[in-house]
Amino acid sequence: EPRTDENDKRPRCGGMGAVAPEPSHAYRITLDNGESFTSCDITQPFSGKIGGGMVTMSFKPVDSRNGTVAWHFANARGMADTAYDYVLSGPEEKMTGAFRANSAVCGKAAGLGACAAAKKQAFSSTWARIESCGATQ
């Protein structure tokens with residue numbers, strides 16, 4: 001019930017007129033190869049590790065639905081880098097992520113470097129919203 005004037009001191013029911021909490025921006029991201037990691041807020045830069053910890057994916061979102069991701073592979077024998085653009089589609093509870101290569105794969109090993117087109121030019125992923133984030137990557 002609205003207040004009748006500024007002197008109306010009658011108690012009101014709790015929760016009425018309260019602003020609903022903003023939905024979580026935390027997601028569990030599962031790549032098409034089955035590997036997954038958690039982002040606590042997909043609207044902010046975040047990273048995840050795959051490949052037994054040898055690959056770091058560093059995401060730079062433009063907004064909550066698209067951005068770029070840099071891939072960095074490193075082990076004792078060498079390293080390689082590449083990048084993809086990503087676009088999310090579907091309902092926010094469970095989105096589909098489409099990745100498309102936007103650069104060559106460049107690597108270094110034994111003091112030598114080389115670049116080549118990414119072998120996998122496109123792949124997909126599933127982004128499932130989670131309510132809370134334990135930041136387990």
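These legends describe close-up views of a predicted model. Local features need pLDDT of at least 70 and side-chain atom pairs count only at pLDDT 80 or more, while totals for chains, interfaces and linings use all residues. Residues are numbered from 1 along each chain as its sequence is written, and side-chain values use heavy atoms, with hydrogens and water left out.

**View 1. The chain and its strands.** The chain has zero helices and ten strands (DSSP runs, numbered from the N terminus: helices are H or I with at least four residues, strands E with at least two). Of its 137 residues, 28% count as buried (under 20% relative accessible area, with exposed over 50% and partly exposed in between; 1.4 Å probe, protein chains only).

**View 2. Lining of the largest pocket.** The lining comprises 19 residues, and Val55, Trp71, Thr82, Tyr84 and Lys120 lie nearest the pocket centre. Strand E5 (66-75) and strand E6 (78-89) are the elements that give two or more residues to this lining; E6 gives the most, with four. A pocket here is an open set of points on a 1 Å grid over the protein atoms alone, where a 1.4 Å probe fits, with protein on both sides within 12 Å along at least five of seven lines; lining residues have an atom within 4 Å of a point.

**View 3. Ala110 in a loop.** Ala110 is found between strand E8 (105-109) and strand E9 (112-116). Phi of Ala110 is near 50°, a positive value in a residue other than glycine. Ala110 counts as exposed because its relative accessibility is 76%.
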